[in-house]
Amino acid sequence: MSLRLSTVILPYLRWHEGGRAAWQRAEQLGFHTAFTYDHLSWRTFRDGPWFGAVPTLTAAAAATDQLRLGTLVTSPNFRHPVTLAKELISLDDISNGRITLGIGAGGNGFDATTLLKSGQEPWTPRERADRFGEFVPLLDRLLTEDSVSYDGDHYSAHEARNIPGCVQRPRLPFAVAATGPRGMKLAARHGQAWVTTGDPKLYETGTPEQSVQAIHGQVEKLAAACATVGRDVSELDKILLTGFTPDRGRPLESLDAFVDFAGRHAELGFTDIVIHWPIPDSDFAADEKVFERIAMEAPAQLA
């Protein structure tokens, strides 16, 4: 299978002042999927414009025809499976079956603290993993069954109705972001795809070569997790969200640089590479002409 190229469009632009144009241009450039971040706010964008993922994807679905759409990633930090399922079924219907849910356990950012009471501590990594372990299976049921009742340690549902269900059957695909053993097992059991950004410990001081080796190790752990649940790892797409490895923005400096970067990761078994839509004066700044050339020409070179 040819390596697919996708993009992630951060939701910081007003829809009528560049937002809609970006999503439509992503379709024109031939990207396989255009994702957006599902956060309440994010890093250096905290004090500037930032719009909600679900309304943004709804608008993008209405403004495009063929482009797949999705989140990278949604987390339990501020989502509940019951309400999220209703929104996803609606999104899948509006888009006529073009939605992929990127989903992860969440981190320590603003999402983890915005809803806390004064003096309340954010969830620990273990607590986030515990919630994620309930969140994904329950969401799976909510998207595939007409009526769901569940009483867990962290989430509950009482006769939650989700009729008529997803356009995509049995449900829209999950792309599970995971690097630890518990997350890997969730990806193996419930995912149609697995997502990684690489090894964060290598971002500051590691080398590209060390990063490739670390990601290779992650792929091997995914294969082991699949084996424990009796699943062939080749059944899962493997998605690399770029910009968080020691390479940083260098792969977008030229077509050749990107083809070399993507090719090294395709050799590890990756099926999808995701690049950030250029944002001036940010960590995702890039030459727009080079970016568009990569979008239009790189997939053929990586076929």
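Visitor: Let me start with a side chain. Is Glu87 buried, partly exposed or exposed?
Guide: Glu87 counts as partly exposed, at 31% relative accessibility. Keep in mind that this is a predicted model.

Visitor: Noted. Which residue forms a salt bridge with Glu87?
Guide: Arg79 does. The closest N and O atoms are 3.4 Å apart.

Visitor: And Arg79, buried or exposed?
Guide: Arg79 has 16% relative accessibility. Buried means under 20%, so Arg79 counts as buried.

Visitor: How many salt bridges does the structure hold?
Guide: The structure holds 15. As a rule, side chains of opposite charge can pair when their charged atoms come close.

Visitor: What does Asp140 meet in a salt bridge?
Guide: The side chain of Arg171, at 3.0 Å from N to O. This pair links distant parts of the chain. Asp140 is in helix H4, and Arg171 is in the loop between strand E6 and E7. They are 31 residues apart.

Visitor: Are those two buried or exposed?
Guide: Asp140 and Arg171 are both buried.

Visitor: What about Glu204, which side chain does it meet in a salt bridge?
Guide: Arg248, with 3.3 Å between N and O. Glu204 sits in the loop between E8 and H6, while Arg248 sits in the loop between E9 and helix H7, so the pair ties together parts 44 residues apart in sequence.

Visitor: Is Glu204 buried or exposed?
Guide: Glu204 is exposed, with a relative accessible area of 59%.

Visitor: Which residues are linked in a network of salt bridges?
Guide: Arg4, Asp237 and Asp272.

Visitor: Back to Arg248. What is its phi?
Guide: Near 50°, a positive value in a residue other than glycine. Most residues other than glycine have a negative phi, and most peptide bonds are trans.

Visitor: OK, and what is the phi of Glu159?
Guide: Glu159 has a positive phi of about 50°, and it is not a glycine. This residue lies in strand E6. Glu159 is partly exposed, with a relative accessible area of 44%.

Visitor: Now peptide bonds. Is the one between Ile163 and Pro164 cis or trans?
Guide: A cis bond joins them, with omega about 20°. Pro164 lies in the loop between E6 and E7.

Visitor: And from Arg169 to Pro170, cis or trans?
Guide: That bond is cis too. Its omega is near 0°. Pro170 is placed in the loop between E6 and E7.

Visitor: New topic: strands. Which residues of E8 are buried?
Guide: E8 covers residues 193-196 and has both faces covered. Ala193 and Val195 are buried on one side, Trp194 and Thr196 on the other.

Visitor: In what sense do E7 and E8 pair?
Guide: They pair in the parallel sense, over three bridges. Strand E7 is residues 174-177. From E7 the chain crosses through helix H5, residues 181-190, to E8. That β-α-β crossover is right-handed.

Visitor: What is the bridge partner of Ala177 in E8?
Guide: Val195. Val195 also stands opposite Ile239 in E9.

Visitor: How many bridges join E8 to E9?
Guide: Four, and these strands run parallel. Strand E9 is residues 237-241. Helix H6, residues 208-228, carries the chain from E8 to E9 in a right-handed β-α-β crossover.

Visitor: Let's do pockets. How much space lies in the largest pocket?
Guide: About 1400 Å³. The lining has 41 residues. Nearest the centre of this pocket lie Ala105, Gly106, Gly107, Ala177 and Thr197.

Visitor: Which element gives the most to that lining?
Guide: H4, with six residues. Strand E3, H5 and E8 each supply at least two residues of the lining, as does H4.

Visitor: How do the lining residues of the largest pocket divide?
Guide: There are 18 nonpolar, 16 polar and seven charged.

Visitor: And how much space is in the second largest pocket?
Guide: About 250 Å³. Its lining has 17 residues. Gly243, Arg248, Gly249, Asp283 and Phe284 lie nearest its centre. The lining divides into 10 nonpolar, four polar and three charged residues.

Note on methods: Residues numbered from 1 in each chain as written. Predicted model: local features only at pLDDT ≥ 70, side-chain atom pairs only at ≥ 80, totals over all residues. Heavy atoms only, no water. Buried < 20%, exposed > 50% of the residue type's maximum accessible area, 1.4 Å probe, protein only. Pairing = 2+ DSSP bridges. Right-handed = clockwise from strand over helix to strand, strands pointing away. 1 Å grid on protein atoms, 1.4 Å probe; cavity = no way out; pocket = protein on both sides within 12 Å on 5 of 7 lines; lining within 4 Å. Points joined across faces, edges and corners; volume = space filled by probe spheres on them. Nonpolar A, V, L, I, M, F, W, Y, C, P; charged D, E, K, R; others polar. Salt bridge = Lys/Arg side-chain N within 4 Å of Asp/Glu carboxyl O.
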